[in-house]
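I am opening this notebook to keep track of what I look up in the structure. I will go step by step and write down each finding as I reach it.

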Amino acid sequence: MTRRSLLQWLFAAGWPSYAVAADGGGPKIEPLVLADAEWKKRLTNEQYQVLRKHGTERAGTSPLNAEKRRGRYLCAGCDLPLFGAEMKFESGTGWPSFFAFYPGALGTSTDFKLIYPRTEYHCARCEGHHGHVFNDGPAPTGKRYCNNGVALKFEASA
Ligand SMILES: [Zn+2]
């Protein structure tokens, strides 16, 4: 099998074509790669469905929607800090929403699950799916990172 046909096969098989975003050139992040069975052990079923299967939690179900304290939001899969509380805003969507993320913490790819293409984003360390990014966010970035709350862990700062 040539490299080209392998890529075509992977694409046809629904393999996400990760075009990892070089946003800001943050710190070098060591990838965390685990077998599927390991992820099943580490994560709750809800976390697994979102992070490893690109699922979406029901809107309005995450306690993090109402989280207003100072602190950081970590990837529930690998504890990488993704967002700071100062990047969070109330979007009214029922999902925790952010207008920015820590440099290098996220990668993006295009998904075609709905008819129109959307930009999904994932943790740069474990490639766990977190949500989708839209261009209707507030200043200064104009971005809205619409995140599944179950894929995050909140760590309050003192
Ligand atoms: Zn992660």
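**Entry 1: a hairpin and its strands**

I began with the hairpin, in which six residues join strand 5 to strand 6. I note here that I am working with a predicted model. Strand 5 and strand 6, the latter covering residues 118–123, pair in the antiparallel sense, and I found six bridges listed for them. When I looked for a residue pair across these strands, I saw that Thr108 stands opposite Tyr121 in strand 6.

**Entry 2: the sheet around the hairpin**

As a reminder to myself, strands of a sheet pair through backbone hydrogen bonds, either parallel or antiparallel.

**Entry 3: the whole chain**

Stepping back, I counted three helices and nine strands in the protein, and along the sequence they follow the pattern α-α-α-β-β-β-β-β-β-β-β-β. Of the 158 residues, 26% count as buried. Among the contacts with a separation of 6 or more, 59% are between residues 24 or more positions apart.

**Entry 4: the nonpolar core**

Which residues touch the most other members of the largest nonpolar core? This core has 23 residues, and the ones that touch the most other members are Ala76, Leu82, Phe101, Leu106, Cys123, Tyr145 and Ala151. Helix 3, strand 1, strand 2 (81–84), strand 6 and strand 8 (144–147) each supply at least two residues of this core, and the largest share, three residues, comes from helix 3.

**Entry 5: a glycine in a loop**

Last, I looked up Gly60, which lies in the loop between helix 3 (45–51) and strand 1 (71–75). Is Gly60 buried or exposed? Gly60 is exposed, because there are 10 other C-beta atoms within 10 Å and a residue with 12 or fewer counts as exposed. Apart from its neighbours within four places in sequence, Gly60 is in contact with Asn65 and Gly94. I also noted that the C-alpha atoms of Gly60 and Gly149 are separated by 9.4 Å, although these residues are 89 residues apart along the chain.

Key
Residues are numbered from 1 along each chain as its sequence is written. This is a predicted model: local features need pLDDT of at least 70, side-chain atom pairs count only at pLDDT 80 or more; totals for chains, interfaces and linings use all residues. Helices (H or I, at least four residues) and strands (E, at least two) are DSSP runs, numbered from the N terminus. A residue is buried if 20 or more other C-beta atoms lie within 10 Å of its own, exposed if 12 or fewer, and partly exposed in between; C-beta atoms are placed from the backbone. Two residues are in contact if their C-beta atoms, placed from the backbone, lie within 7 Å. Two strands pair if DSSP finds at least two bridges between them. A nonpolar core is a set of buried Ala, Val, Leu, Ile, Met, Phe, Trp, Tyr and Cys residues joined through C-beta atoms within 7 Å.
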